[in-house]
Amino acid sequence: MGRLASAAVTQRSFPDGFTWGTATAAHQVEGGNWNNDWWAWEHDPASPCVEPSGDACDQYHRYRDDVALLAALGFGSYRFSIEWSRIEPEDGEVSRAALDHYRRVCAACKEHGLQAVVTLHHFTTPRWAADLGGWLSPDVGDRFVRFAEVAAEHLGDLVDRFCTFNEPNIVATMGYLAGVFPPGERSSDLRRRANDVFVDAHRRSVEAIRSVAPDVPAGLTLAMSDYQAVDGGDAYRDRIRRNMEDVYLEAAASDDFLGVQTYSRTRVGPGGTLGPEPGVETTLMGYEFWPEALEATIRRAWQVTDGTPLLVTENGIGTADDERRVVYVQRALEGVGRCLDDGIDVLGYTCWSLLDNFEWVLGYAPTFGIVAVDRTTQERQVKPSARWLGACARANALLPTP
């Protein structure tokens, strides 16, 4: 008996209106996004990047097929990002052609009965904005608010939900503290300054979106972890959570929703993070196979925001074993169900990712997709996890695993 067949079998229904989707990000799938800070970072020999994004999954030209595939599998929503550096290639110079491209992507979602969940900033910043000082500069925050208003005005009638920033806490931490994202800084003070600029830009961009698209819910998405104190690590854990999560959870308290994005737990001792516990399975990303982290972070987000509606905007696993992906998602969704049973307002579940795509510093090695991509031919190959999760979406229920 295979591991998949021996996995715990469950079946439970989800509330009417609960959404089921997958997600991508422009730079990870479109290809040829040369005008942002990440493209420059990928091609900097001094950066830790293992390979450039190149053509990625060529989704800029193949979006219609990908949207149709997603709908055919049974999903009801598609979260994707629009590329700021395409829409505003120079400071104040807006490309109507680029805006119209993304309008066609949104229209394709509507044509196939999918909700369009649009992220305005998913890790990449135009080169000109990086040259202005990046996310240390309040001026860049001002430019982003302006961009958010332009995008919402042009796309709002076709969009079901706007996410201002994708995981700003990761951009601030990896780019300004850990030095592995652009601009490669390593300073706790710079990380705090970047957090401040992101929080301010988020709050003002929500208001900008509401001013031109008042009927479209707006919020941010946050990278969360189930931070677990080990052997007296409570104080250190709380310091980590303060800068990684709490400043953003407090900023999201008045939003229309918060996007929860969770992949694993983080063990914290008195001197810092401890890494995976010996004997616990790890993923291609190096962190623990720990699907129960999603339930823990949903509960914490609900508590700290004092009841902001929650949408799981990313959850999944980088693995070459698709059976383990099904087991992971099944256990994560069981946790979502328990949260719903306790009255927590969880609006839907979004699997990361639709495609095996460019995984930033690590290149194309970690495979998160429920659909594989042959990067020579760009041929898509549906994995069993996609068919199972699509069937769950169609039934609005957690079905037995194959």
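View 1. As in every view here, the model is predicted. The volume of this second largest pocket is about 190 Å³. Helix H3 (residues 37-42) gives the largest share of its lining, three residues. Sorted by class, the lining of the second largest pocket comprises eight nonpolar, three polar and three charged residues.

**View 2. The largest pocket, with a volume of about 1,300 Å³.** Its lining counts 44 residues, and Ile170, Met174, Thr266, Met285 and Tyr287 are the closest to the pocket centre. Five elements each supply at least two lining residues: helix H9 (168-176), strand S6 (218-229), helix H11 (234-251), strand S7 (257-269) and strand S8 (272-273). Strand S7 makes the largest contribution to the lining of the largest pocket, with seven residues. Here the class count is 23 nonpolar, 13 polar and eight charged residues.

**View 3. Helices H6 and H8 crossing at roughly 55°.** Now we turn to helix packing. The axes of H6 (residues 96-111) and H8 (residues 138-155) come within 10 Å. With this crossing angle, H6 and H8 are therefore oblique to each other, and their crossing is right-handed. On the H6 side, the contact is made by Arg96, Leu99, Asp100, Tyr102 and Arg103, which meet Val150, Ala151, His154 and Leu155 of H8. The residues in this contact of H6 with H8 split into five nonpolar, one polar and three charged.

**View 4. Helix H8 again, this time with H10 as its partner.** The axes of H8 and H10 (residues 188-212) come within 8 Å and cross at roughly 25°. The two helices, H8 and H10, are therefore roughly parallel to each other. The crossing of H8 and H10 is right-handed. From H8, look for Pro138, Gly141, Asp142, Phe144, Val145, Ala148, Glu149, Ala152 and Glu153; they meet Val197, Ala201, Arg204, Ser205, Ala208, Ile209, Ser211 and Val212 in H10. Among the residues of the contact of H8 with H10, ten are nonpolar, three polar and four charged.

Terms used
Residues numbered from 1 in each chain as written. Predicted model: local features only at pLDDT ≥ 70, side-chain atom pairs only at ≥ 80, totals over all residues. Heavy atoms only, no water. Axes fitted to C-alpha atoms, helices over the stretch in contact; angles between N-to-C directions. Helix = DSSP H or I, 4+ residues; strand = E, 2+ residues; numbered from the N terminus. Parallel < 35°, antiparallel > 145°, perpendicular 65-115°, else oblique. Left-handed = near helix turned anticlockwise from the far one by under 90°. Contact = heavy atoms within 4.5 Å. Nonpolar A, V, L, I, M, F, W, Y, C, P; charged D, E, K, R; others polar. 1 Å grid on protein atoms, 1.4 Å probe; cavity = no way out; pocket = protein on both sides within 12 Å on 5 of 7 lines; lining within 4 Å. Points joined across faces, edges and corners; volume = space filled by probe spheres on them.
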